[in-house]
Amino acid sequence: MAALSPSLLKLTSSFRLYTPKLPSNQYFTPFPRRRISAAVEVVKKSTDQDNKIVIPAANQSEDNRVVLPTNQSSGKLLRIRHTCAHVMAMAVQKVFPDAKVTIGPWIDNGFYYDFDMEPLTDKDLKRIKKEMDRIIGRNLPLVREEVTREEAQKRINAINEPYKMEILESIKEEPITIYHIGNEWWDLCAGPHVESTGNINRKAVELESVAGAYWRGDTDKPMLQRIYGTAWENEEQLKAYVHFKEEAKRRDHRRIGQDLDLFSIQDEAGGGLVFWHPKGSIVRHMIEDAWKKIHIRQEYDLLYTPHVARADLWKISGHLDFYRENMYDQMNIEEELYQLRPMNCPYHILVYKRKPHSYRDFPIRVAELGTVYRYELSGALHGLFRVRGFTQDDAHIFCLEDQIKDEIRGVLDLTEEILLQFGFEKYEVNLSTRPEKSVGSDDIWEKATLALKDALEDKGWNYEIDEGGGAFYGPKIDLKIEDALGRKWQCSTIQVDFNLPQRFDITYVDSDSVKKRPIMIHRAVLGSLERFFGVLIEHYAGDFPLWLSPIQARILPVTDMQLDYCKEVTRKMKANGIRAEVCSGERLPKLIRNAEKQKIPLMAVVGPKEVETSSVTVRSRFSGELGSMAIEDFITRMKDATENRTFI
């Protein structure tokens, strides 16, 4: 059931099932395989002004484009998806009369519904879709009815739907609303819907998959069958969406990570724990190195802090009270309880507290690539995107009230510089303001919120205001980056905190020798290295730019007669900081194909002529054949391209 009341919205949010969802704004274009920059350029041109998404259809030019509406931009689409959820539930109960219905909302790309029933197969989905088509073809009306709570209870008991009774008990509003499909099926629902099932284009609806979901996210409660579907206004939109999904599947970081030997998650070690392989570790090193250089230049002090601490520290911070369900069990060490850290913040505060501070010391900026551990249900784990141990690019700024705006602006500049290095130049920015329950005075909230607004306006970034969406301890800015498919990923966040300085009683001495409390700003740019790496893999489809590529050049001998020369070329390249390797033992065409499969940016082919002239013949994945060039020239061009973040 969708268009839920506040009570039901709260209920649906309790499901602890992670489903990697496609974003509400999608693009599809047949991306040139070797020119991600070209793909990004197409995406940049593809956003309409009215919150619709423009997608070049398969085998069509950019001028002949498909517009994919969103739930926000099209009330018609939202009603279609909402009604499709009900039609699917009706179809399921016609095909499987013993199935019990629970909740089924619309989502960004369609809808889902949860059922208490036996596990479903792909064959079952086809039967359900066929029944849906029949219901749609009958053009049955959707009829809204208001009933008393007692009448609703009576009807639910009559059809023996225990989950509906639980849902009814969670609804606090009166009257109770019911939607009927014809006179054959009904559910508790607040709407909206299309007028009749005939308003749905059956060729624009598809059932996609089945997943498991615990009722109310509780592992002690029944495992339900969740059926996902997608629905659009017309068949052309569905086809464009399917092409988008295929491109997203091709870019799946889990598959590419395995194909390119970048990382793994080992069952023997446990779920959600990432092993960075040598090639993935090189990319991580490049990310960390770029991150550290920028932070040092921006006058941050780098820290390394422990992975565990006494449990009392997390009691002071409030994590044991408000975040316990995401923390691992405590360890008893010599009669004291210790806790794996879920956050880095308390450690940075302890570093601040190690000595007294004057107003002259501010701002104080500290940053750490700190590994944290958070408990996630096994069903929620998903590649690099949802893990149990990850490294945050965490930083905290301690400053005075009148420094907030300048510090926030500095963080925005730093964020832009870092993200641009990795090819992200389009963002969605949200400013979240004071919620109903919060700490801190009205005056400091007003000053901090105004400082965030002023910093964003100085930066010239467009942003949306999320009224009441801030944390209880302060306002915040959230930034989502847009990848080559137009998907948005939450990465960067900037949060003002009035809570932890008070909990840890941190102070400074002002110009009048009076003790005061500093402002604390939490700040992350990449979010977590694991998740950001996953986003990078999918953004580039594994075709990393030259400066990030684990192996930048592969030297290929035509025959083994040139092998010694190839090794000498490789030694020279490595001495100049270039990541190069020799590959031999196969015929040249196969060596080239293998390098292509491994997405090596540059191949240097060596035959008798190249040995004689101390040269190499270069082939680029991004630019094609580059011809013959002297070794020194090749090295110089590679170093320049790496330093300037360009291609050869």
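Okay, hi everyone. Before anything else, keep in mind that what we're looking at is a predicted model.

Let's start with two helices. H9 covers residues 278-297 and H16 covers residues 529-540, and their axes come within 11 Å of each other. How do they cross? The angle is roughly 110°, and since 65 to 115 degrees counts as roughly perpendicular, H9 and H16 are therefore roughly perpendicular to each other.

Who's touching whom there? On the H9 side you've got Gly 280, Val 283, Arg 284, Ile 287 and Glu 288. They meet Leu 529, Glu 530, Phe 532, Phe 533 and Leu 536 in H16. If you sort the residues of that contact by type, you get six nonpolar, one polar and three charged.

Now, rings with rings. How many aromatic pairs are there in the whole structure? A search finds 20. Take Trp 445 and Phe 498: their ring centres are 5.5 Å apart and the planes are at 70°, so this pair is edge-to-face. Trp 445 belongs to helix H14, while Phe 498 is in the loop between strand E22 and helix H15, so the pair links parts of the chain 53 residues apart. Are these two buried or exposed? Both Trp 445 and Phe 498 are buried. Elsewhere, ring pairs join Tyr 352, Phe 362, Phe 398 and Tyr 508 into a cluster.

Back to H14 for a moment, where we also find Lys 459. With a relative accessible area of 16%, Lys 459 counts as buried, because the cut-off is under 20%. Setting aside neighbours within four places in sequence, Lys 459 is in contact with Arg 409, Leu 412, Asp 413 and Glu 416.

Last stop: Ile 578, in the loop between helix H17 and strand E27. Ile 578 is buried too, with a relative accessible area of 4%. What does Ile 578 touch? Not counting residues up to four places away in sequence, the answer is Gln 552, Met 573, Ile 635, Met 638 and Lys 639. Look at Gln 552 in particular: Gln 552 and Ile 578 are 26 residues apart along the chain, yet their C-alpha atoms are separated by 6.9 Å.

That's my tour, thanks!

Notes. Residues are numbered from 1 along each chain as its sequence is written. This is a predicted model: local features need pLDDT of at least 70, side-chain atom pairs count only at pLDDT 80 or more; totals for chains, interfaces and linings use all residues. Side-chain values use heavy atoms; hydrogens and water are left out. Axes are lines fitted to C-alpha atoms, for helices over the stretch in contact, and angles run from 0 to 180 degrees between N-to-C directions. Helices (H or I, at least four residues) and strands (E, at least two) are DSSP runs, numbered from the N terminus. Angles under 35 degrees count as roughly parallel, over 145 as roughly antiparallel, 65 to 115 as roughly perpendicular and the rest as oblique. Contact means heavy atoms within 4.5 Å. Ala, Val, Leu, Ile, Met, Phe, Trp, Tyr, Cys and Pro count as nonpolar, Asp, Glu, Lys and Arg as charged, and the others, Gly among them, as polar. Rings of Phe, Tyr and Trp (its six-membered ring) pair if their centres lie within 6.5 Å; planes under 30 degrees apart count as stacked, over 60 as edge-to-face and the rest as tilted. Buried means under 20% relative accessible area, exposed over 50%, partly exposed in between (1.4 Å probe, protein chains only).
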